[in-house]
Amino acid sequence: MPTKNYKLTGEHFYRFFQCPHWIWYDIYGDQAKKGKVSPLIEMIYRHGLRHEREMIKSRVFEEIKPELFKDLDEAFLTTLELMKQGKNIYHGVLMDQHWVGIPDLLEARPVTNGQKSNFGDHYYVIYDVKSTKEMRDEYKFQLTFYSLILERLQGVLPKEAYIINAEGEEKGFLIDDFLDYFHLTREVIEKILDGEKPPPFLKSGCKHSPWYSLCVEETEGCQDVSLIYRLSQGDQRRLYEIGIHTVQDLADADLEKLQSKFEDWPYDKILRFHNQARVLISKEPIILRKNEFPKVKNEIYFDIESDPTRGIDYLLGVLVKTNAKATYKYFLAGGRDGGKEEEKIWREFLNFLEALDDFVIYHYSYYEKEVFDRLAKKYGISLALESKFKDHTIDLHRVAVESMVLPLYFYSLKDIAKYLGFKWRAEDAGGAESVVWYGDWIDSGDKKILDKILAYNEDDVRATLFVKEWLEKQKPHTSKEKLPEE
């Protein structure tokens, strides 16, 4: 059991899912080394409350007054009293010993099939409101945690827990199916709360933590094998078990012996990890194959900016390269009527797509296709245009990962483009910052802020072009050859 000084909360599961060291550093780390929390996180919380109210406005509930949260014991007693009355509750506080949870919505349901609830003829299930579409594991952790506190209070473990997603749909999962995974994670978190520091591990979620620089510093300090791109915590444990702890260990390992140890791993995975380790040691890239891209009249480089706090895809940016000339064009949702503005820019983009001929659309990673599918479902599209888009798109992230190995820990557009020498005009440029700028522009109408948003998006599509042209020039080389330089 963890120390009584630290209560286990739903927030701990979110932080652990993002970065396994976040919780430990918050409690035991040198606070002078703590970085700034992204303004987007605060913005998501602020606007998330508005989104929650919008999603549950058709439901009847009792809200726990915000001032009661100054004393969680008082808020819990108020919640418990409402639960006895069978009320639906918004932001109720659930407590049992050192466990504390604040789900978005507690919904009362009548007992059935011989259930025995401490509340008599009703029991409760949990809902959380999310600004995304799908049920993620990180949501399941929190919902399972809340449901287990409920079981202690009402004597009944709900069969399911639910999210209300960005489109107002209810999505549930069976709690029993997730319990083993949950308890393994809970035990690890409780050990961290008690002071046990997790082993070094670097993952992309660490970038969301205010302790990211320390995560990098400590993982680099011992050259932990988790510096390998796409190596999971499960992979790390498996490698530890056979004595491979560092990048050097993996680089020196014999491929045939690795394959015999990990028969359940595809050989491509083993080879990728091994090559990545070699490159991190040598600092010299490996080009696995030469890429051949379509020869077309119009090359389109596509990038989307989205605001999860408002649930809107607010900027569809394209760079149109015809012959040697590259022209930036954008479709921007402005004003405060986000839904109508989003549909307007979608129609404008479809008109742009319809007019294209002899073209290919390049994007970086899966997101642009995901948003395209979402907007097509939301506002409609002809089968011909849908096919035209999907038949002429190339994901450069996939191309990059399959054709080269770089001395990097992550393969995002910014990681790769910056490594190759591309520079964004704004030093604080990033997708999260763009969302904050967008909110500031909507509130103020300041053209300078809008210019900053557009410049960032333009830099993104130009970086995509930069990466594509670099990839196009590369070819596998012998040990006697040098990698072609820009």
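The side chains of Asp-459 and Arg-425 meet in a salt bridge at 3.0 Å, N to O; a salt bridge here is a side-chain nitrogen of Lys or Arg within 4 Å of a carboxyl oxygen of Asp or Glu. This pair links distant parts of the chain, 34 residues apart. Asp-459 belongs to helix α18 (residues 447–473), whereas Arg-425 sits in the loop between α16 (413–420) and α17 (431–444). Helices are DSSP runs of H or I with at least four residues, numbered from the N terminus. Asp-459 is buried, at 5% relative accessible area, but Arg-425 is exposed, at 53%. Buried means under 20% relative accessible area, exposed over 50%, and partly exposed in between (1.4 Å probe, protein chains only).

The model is predicted: local features need pLDDT of at least 70, side-chain atom pairs count only at pLDDT 80 or more, and totals for chains, interfaces and linings use all residues. Residues are numbered from 1 along each chain as its sequence is written, and side-chain values use heavy atoms, with hydrogens and water left out.

The salt-bridge count comes to 29. Two further pairs lie within helices. Glu-11 and Arg-15 meet at 3.4 Å, N to O. Both are in helix α1 (residues 10–18), 4 residues apart, about one turn of the helix. Glu-11 counts as partly exposed, at 37% relative accessibility. Arg-15 is also partly exposed, at 25%. Glu-386 and Lys-390 form a salt bridge too, at 3.4 Å, N to O. Helix α14 (residues 383–390) holds both, 4 residues apart, about one turn of the helix. Glu-386 has a relative accessible area of 23% and is partly exposed. Lys-390 is partly exposed at 37%.

Nonpolar packing was examined next. A nonpolar core is a set of buried Ala, Val, Leu, Ile, Met, Phe, Trp, Tyr and Cys residues joined through side-chain atoms within 4.5 Å. The largest such core has 73 residues. Within this core, Phe-349, Leu-353, Ile-416 and Leu-471 touch the most other members. Helix α18 supplies the largest share of this core, 11 residues. Another core lies apart from it and has 69 residues, including Phe-178, Leu-193, Cys-206 and Phe-410.

Ile-416 was followed in detail. Contact means heavy atoms within 4.5 Å. Leaving aside neighbours within four places in sequence, Ile-416 is in contact with Tyr-364, Ala-400, Met-404, Leu-406, Leu-408, Tyr-411 and Val-467.

Methods: Helices (H or I, at least four residues) and strands (E, at least two) are DSSP runs, numbered from the N terminus.
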